[in-house]
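Please work through the exercises below with the sequence and the model at hand.

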Amino acid sequence: MYDVKQFKEDLSEFNITLSDIQVQQFMTYYELLVEWNGFMNLTAITEYKEVLKKHFVDSLSLVKVCDLTKEMSLIDIGTGAGFPGIPLKIAFPNLKITLLDSLHKRVQFLNTVIEKLALTNIDTIHGRAEDFARPGSLREQYDICVSRAVANLTTLSEYCIPFVKRGGVFVSYKSEKLLEEKQEAEEAISILGGSVEKQVQFTLPGSDICRNLFVIKKIKDSPKKYPRKAGLPAKEPLKNK
């Protein structure tokens, strides 16, 4: 039996209450994460309490900036081991979620988790954000786009903002205090049809771990030429010419 007292206390700070079934889904997810991590690189964090705090609770911190009680569509770009998309799906079954990752093995893991947890209305996509954000694919289809991927905000914005429908938001999960990164990204965000709505800084419950959520509102359609082909958004960050 797992001790879930601290987990529940942490989530209560976000006003999230889980059913026994949802708690069990998180425990099964943890077990699968550790099992699969034994033969492929999913996460450097495997200790039980750390996974709960730094992956599960952190993923659910999206509630600080979005009302997740409504029926909404959400895409998680560069989801990796499923963070934040799968914790969000477990806690908020009403969300329609797409998980996108470029590594086939990780997508196999995600499909296993979805099957074992009996999650519905959640899809996985093996591919690159640049390809699926093109016109005629998943472009401007989502209320929310999220990413915990390790990339600067300028690059992430080019990958993510094109997925968001007008009036929706892109939320970037960041760990550090990133005022400089935010300032550097503002030009790219504007070019892509977005506007920085807010930055929420907080510490994870019961810890001194600093987190930031950057919320970018989609105010107009993204120009069709973005995102550019693979590699360019990182190599040549978007700036006003």
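The exercises that follow concern a predicted model, and they take up helix contacts, pockets and backbone details in turn.

**Exercise 1.** Determine how helix α1 is oriented relative to helix α3, and list the residues through which they meet.

*Solution.* Begin with the axes: those of helix α1, residues 5-12, and helix α3, residues 48-60, come within 10 Å and cross at roughly 30 degrees. Because angles under 35 degrees count as roughly parallel, α1 is roughly parallel to α3. The next step is the handedness, and here α1 passes α3 in a right-handed crossing. Turning to the side of α1, the residues in contact are Q6, F7, D10 and L11, and they meet L52, K53, F56, V57 and L60 in α3. Sorted by class, this contact of α1 with α3 holds 6 nonpolar residues, 1 polar residue and 2 charged residues.

**Exercise 2.** Carry out the corresponding analysis for α2 and helix α5.

*Solution.* The axes of α2 and helix α5, the latter spanning residues 104-116, come within 10 Å, and they cross at roughly 150 degrees. Since angles over 145 degrees count as roughly antiparallel, α2 is roughly antiparallel to α5. As for handedness, α2 passes α5 in a right-handed crossing. In the contact itself, α2 contributes Y29, L32, L33 and W36, while α5 contributes K105, Q108, F109, T112, V113 and K116. When these residues are divided by class, 6 are nonpolar, 2 are polar and 2 are charged.

**Exercise 3.** Describe the largest pocket by its volume, its lining and the elements that contribute to that lining.

*Solution.* Then consider the lining, which is made up of 35 residues, with I77, G78, R148, A149 and V150 lying nearest the centre of the pocket. The elements that each give two or more residues to this lining are α3, β2 (96-101), α6 (129-132), α7 (153-160) and β5 (164-174). Finally, the class count for the lining of the largest pocket comes to 15 nonpolar, 10 polar and 10 charged residues.

**Exercise 4.** Which element gives the largest share of the lining of the second largest pocket?

*Solution.* The second largest pocket has a volume of about 170 Å³, and its lining consists of V65, C66, D67, K70, M72, D143, I144, G167, G168, V169, E197 and V215. Of the contributing elements, β5 supplies the largest share, with 3 residues. By class, the lining of the second largest pocket divides into 6 nonpolar, 2 polar and 4 charged residues.

**Exercise 5.** Where in the chain do P84, P227 and N15 lie, and what backbone geometry is found at each?

*Solution.* Take P84 to begin with: the peptide bond leading from F83 to P84 is cis, with omega near 5 degrees, and P84 lies in the loop between β1 (73-77) and α4 (85-91). Next comes P227, which is joined to Y226 by a cis peptide bond whose omega is about 0 degrees; P227 is located in the loop between β7 (210-218) and α9 (232-235). The remaining residue, N15, has a positive phi of about 60 degrees although it is not a glycine, and N15 sits in the loop between α1 and α2 (20-37).

Definitions and conventions: Residues are numbered from 1 along each chain as its sequence is written. This is a predicted model: local features need pLDDT of at least 70, side-chain atom pairs count only at pLDDT 80 or more; totals for chains, interfaces and linings use all residues. Side-chain values use heavy atoms; hydrogens and water are left out. Axes are lines fitted to C-alpha atoms, for helices over the stretch in contact, and angles run from 0 to 180 degrees between N-to-C directions. Helices (H or I, at least four residues) and strands (E, at least two) are DSSP runs, numbered from the N terminus. Angles under 35 degrees count as roughly parallel, over 145 as roughly antiparallel, 65 to 115 as roughly perpendicular and the rest as oblique. A crossing is left-handed if the near helix is turned anticlockwise from the far one by less than a right angle, and right-handed if clockwise. Contact means heavy atoms within 4.5 Å. Ala, Val, Leu, Ile, Met, Phe, Trp, Tyr, Cys and Pro count as nonpolar, Asp, Glu, Lys and Arg as charged, and the others, Gly among them, as polar. On a 1 Å grid over the protein atoms alone, a cavity is a set of points where a 1.4 Å probe fits but cannot get out, and a pocket is an open set with protein on both sides within 12 Å along at least five of seven lines; lining residues have an atom within 4 Å of a point. Grid points are joined across faces, edges and corners, and a volume is the space filled by probe spheres set on the points.
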